[in-house]
Amino acid sequence: MVGFIRLVTEKYVSLSDAKKKVLRRKMKNVRIKYPHAIELKLTKLLIEYNKKLSLSLMRWIENNEKRWNRDSWENEILVHLNIYFEQELETMLNDPKVIGIDIQKQVEKLFILLYSFNKAQFMKIIKDILGESYYGSEMWWDNLRKQWNKVFYERTRKVAYGFVDKIKDIIYKGIQKNREFSEILSDIKKANKTFTIKKANFIARDLIGSANSLFQKNMHTSIGIDMYTWQTMVDERVRGRPGGKYPTAVPSHWAMEGLVCSWYDPTVYSEDGMVWKHRSSLMPKAQVGEEYACRCLPVPYFATILNQIDRGLI
């Protein structure tokens, strides 16, 4: 933290007033990229994983057809259905060999790739502005990796259990309507197709957005930058954008575009990094990237450090 502030101070005080203005304009115009390619890879991985999980469940259901004969359906299935499915599902979730894909290992690779993407962008911003690279501490990395892996595992479990609940509902209703096992199986196969690309992409975007936010927060604060500028994707899908797909969305992320935010208080904003205001009821009360499927990004805000230098506080 001290090293970065010293570097900024040395660079800044050595500049003429004209060059200081150029530097401030350069800082103001910084924008960062969204990891679209990594989001796509995670989307494909989720689709593949769900497909293999679903096929494993289907095989298990088919293999148990004899056990679920007409005479024993009500007692066997209705009483023990939850036990059967949950035991089998836990086996599938915890043993990669059963499904044929080690989701945790694959996700960890993508997480490291996402970290490298964020780190490269952050270092490029520093170099473009100051003329040399700088990077802070990575003491936070291991805990963050474990935290995100846990979040991902919980999300995949939630999706898997959601699919199982659909299967159980189909079986329950099939029994009540006195349908044949083959008919129930046909309905289950149809339900197997409901995990769409759109749903997988939503989950991937949500996970990527929250990880981006955590990466950038730790990178920023580890070198003494405690503010950021909220950057939207400035496209038609930005929530609350007039004329966009979701012009009346609340909270409005469009309302946050270009505003300065604090990493330590998500309920306020500023236009200059000095005067703070409470966010209105239309604005998100969360950090950038934290809300569901948020694609917005945090641009490091350096101006406060420069202001402190100008005022002789550093």
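Buried means under 20% relative accessible area, exposed means over 50%, and partly exposed is what falls in between, with a 1.4 Å probe and protein chains only. By that rule Ala-293 is buried, because its relative accessible area is 11%.

The structure is a predicted model, in which local features need pLDDT of at least 70 and side-chain atom pairs count only at pLDDT 80 or more, while totals for chains, interfaces and linings use all residues. Residues are numbered from 1 along each chain as its sequence is written, and side-chain values use heavy atoms, with hydrogens and water left out.

Helices (H or I, at least four residues) and strands (E, at least two) are DSSP runs numbered from the N terminus. Axes are lines fitted to C-alpha atoms, for helices over the stretch in contact, and the angles between N-to-C directions run from 0 to 180 degrees.

| Pair | Angle | Axes apart |
|---|---|---|
| α7 (residues 141-176) and α9 (residues 197-221) | about 165° | 11 Å |
| α3 (residues 36-63) and α9 | about 130° | 8 Å |

Contact means heavy atoms within 4.5 Å. On the α3 side, Ile-38, Glu-39, Leu-42, Thr-43, Leu-46 and Ile-47 meet Ile-197, Ala-200, Asn-201, Ile-203, Ala-204, Arg-205, Leu-207 and Ile-208 of α9. For the classes, Ala, Val, Leu, Ile, Met, Phe, Trp, Tyr, Cys and Pro count as nonpolar, Asp, Glu, Lys and Arg as charged, and the others, Gly among them, as polar. The contact of α3 with α9 then has 10 nonpolar, 2 polar and 2 charged residues. α7 passes α9 through a contact whose residues include Trp-141, Trp-148, Phe-152 and Arg-155 of α7, and Asp-206, Leu-207, Leu-214 and Phe-215 of α9; by class this contact has 11 nonpolar, 3 polar and 2 charged residues.

**Nonpolar cores**

A nonpolar core is a set of buried Ala, Val, Leu, Ile, Met, Phe, Trp, Tyr and Cys residues joined through side-chain atoms within 4.5 Å. The largest such core has 73 residues, and those with the most contacts inside it are Phe-4, Leu-42, Ile-129, Trp-140, Ile-188, Phe-215 and Phe-302. Helix α7 gives the most to this core, with 13 residues. Leaving aside neighbours within four places in sequence, Phe-4 is in contact with Ile-126, Leu-130, Tyr-134, Ile-223, Ile-225, Phe-302 and Ile-305. A second, separate core of 11 residues includes Trp-230, Met-256, Leu-259 and Cys-294.

**Individual residues**

Ser-213 has its place in helix α9 and counts as buried, at 4% relative accessibility. Not counting residues up to four places away in sequence, Ser-213 touches Trp-263, Gln-287, Val-288, Gly-289 and Glu-290.

Ala-191 lies in helix α8 (residues 181-191) and is buried, with a relative accessible area of 11%. With residues up to four places away in sequence not counted, Ala-191 touches Phe-163 and Ile-170, and its C-alpha atom is separated by 15 Å from that of Arg-59, 132 residues apart along the chain.

Trp-276 lies in strand β4 (residues 276-278) and counts as partly exposed, at 31% relative accessibility. Its contacts, not counting residues up to four places away in sequence, include Met-227, Cys-261 and Tyr-269; Trp-276 and Cys-261 are 15 residues apart in sequence and 9.0 Å apart in space, C-alpha to C-alpha.

**Backbone features in loops**

A cis peptide bond with omega of about 5° joins Val-250 and Pro-251, and Pro-251 is found in the loop between β1 (227-231) and β2 (260-262). Val-234 lies in the loop between β1 and β2, where its phi is near 45°, a positive value in a residue other than glycine; at 40% relative accessibility, Val-234 counts as partly exposed. Ala-293, in the loop between β4 and β5 (297-300), has a phi near 55°, a positive value in a residue other than glycine.
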